[in-house]
Amino acid sequence: MSNNSDMQTTTRSLLDDLRSFDKGGFFDLGHPLLNRIAESFVKAAGIGAIQAVSRQAYFTAIEGLDSGTGGLTAEIISGASKKHRFRDLKGETNRKSLEAMVKNTGKESMQWGLAAGVYSGLTYGLKEARGTHDWKNSAVAGAITGVALALTSEESSHEQIVECAITGAAISTAANLLAGIF
């Protein structure tokens, strides 16, 4: 009977730990900045992996419809294949295809995690340094995060880095300014 009680205690504590993940208490690295960066990284990396696999499933389904379009226009099918991100997925064997998908999903997960960790760490650090959290902190954190993401892409150009910085700053600032409205 003691074994069953231990199992229930273990199950409850695991469930409690998983619930605390939503509350931001999953990591304790000794400093709030480190905790925030780690939690943001892990959560966003998981979302990035799901997004990458979902996108790949969509493109695989669209390419499968290519032979018999099933009501889809040629523009939709050709547009989907142009945006296909996992080009190496059609390997010689299923194993090579799976390896390519895992590699590409891992890369996307890291990029999502990097973006979330950098942004979260910067907003926290700027709030601590300036003593306030406002649109200026969001703009700076968004711009630096945009630059970091641009530098992780293959063949990043000066124009792409500037564009990502401006886009990151704009999205982050808009989100900060709209936060009180909704």
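**Close-up views of a six-helix predicted model**

**Figure 1. Surroundings of serine 138 in the predicted model.** Once its neighbours within four places in sequence are set aside, serine 138 is in contact with Tyr119, His133, Ser172, Thr173 and Asn176. In this model, which is predicted rather than determined by experiment, serine 138 belongs to helix H5, and its relative accessible area of 1% places the residue among the buried ones.

**Figure 2. Helix H5 and its buried residues.** Helix H5 is built from 18 residues and reaches 26 Å from its first C-alpha to its last, which is close to the 26 Å expected at 1.5 Å a residue. The buried residues of this helix are Asn137, Ser138, Ala139, Ala141, Gly142, Ala143, Thr145, Gly146, Ala148 and Ala150.

**Figure 3. The salt bridge between arginine 55 and glutamate 108.** A search of the whole structure finds 3 salt bridges, and in the one shown here the side chains of arginine 55 and glutamate 108 meet with an N to O distance of 2.4 Å. The pair links distant parts of the chain, with arginine 55 in helix H2 (residues 32-64) and glutamate 108 in helix H4 (residues 94-130), 53 residues apart. Arginine 55 counts as buried because its relative accessible area, 16%, lies under the 20% limit. Glutamate 108 is likewise buried, at a relative accessibility of 5%.

**Figure 4. The salt bridge between glutamate 154 and lysine 107.** The side chains of glutamate 154 and lysine 107 meet in a salt bridge, with 2.9 Å from N to O. This pair, too, links distant parts of the chain, since glutamate 154 sits in the loop between helix H5 (135-152) and helix H6 (158-178), whereas lysine 107 sits in helix H4, 47 residues apart. Glutamate 154 is exposed, with a relative accessible area of 62%, while lysine 107, at 35% relative accessibility, counts as partly exposed.

**Figure 5. The salt bridge between arginine 130 and aspartate 134.** Arginine 130 and aspartate 134 form a salt bridge in which the closest N and O atoms are 2.8 Å apart. The two partners fall into separate accessibility classes: arginine 130 is partly exposed, with a relative accessible area of 40%, whereas aspartate 134 is buried, with a relative accessible area of 17%.

Figure 6. Although glutamate 155 is not a glycine, its phi is positive, at about 55 degrees. Glutamate 155 is exposed, with a relative accessible area of 78%.

**Figure 7. The whole protein, as a setting for the close-up views.** The protein has 6 helices and 0 strands, and from the N terminus on its elements run α-α-α-α-α-α. Of its 182 residues, 29% count as buried. Among the contacts in the protein with a separation of 6 or more, 53% are accounted for by residues 24 or more positions apart. The protein exposes about 12200 Å², and carbon and sulfur atoms supply 62% of that area.

Definitions and conventions: Residues numbered from 1 in each chain as written. Predicted model: local features only at pLDDT ≥ 70, side-chain atom pairs only at ≥ 80, totals over all residues. Heavy atoms only, no water. Salt bridge = Lys/Arg side-chain N within 4 Å of Asp/Glu carboxyl O. Helix = DSSP H or I, 4+ residues; strand = E, 2+ residues; numbered from the N terminus. Buried < 20%, exposed > 50% of the residue type's maximum accessible area, 1.4 Å probe, protein only. Expected span 1.5 Å × (residues − 1). Contact = heavy atoms within 4.5 Å. Areas by Shrake-Rupley, 256 points an atom, 1.4 Å probe, with all protein chains shown as cover.
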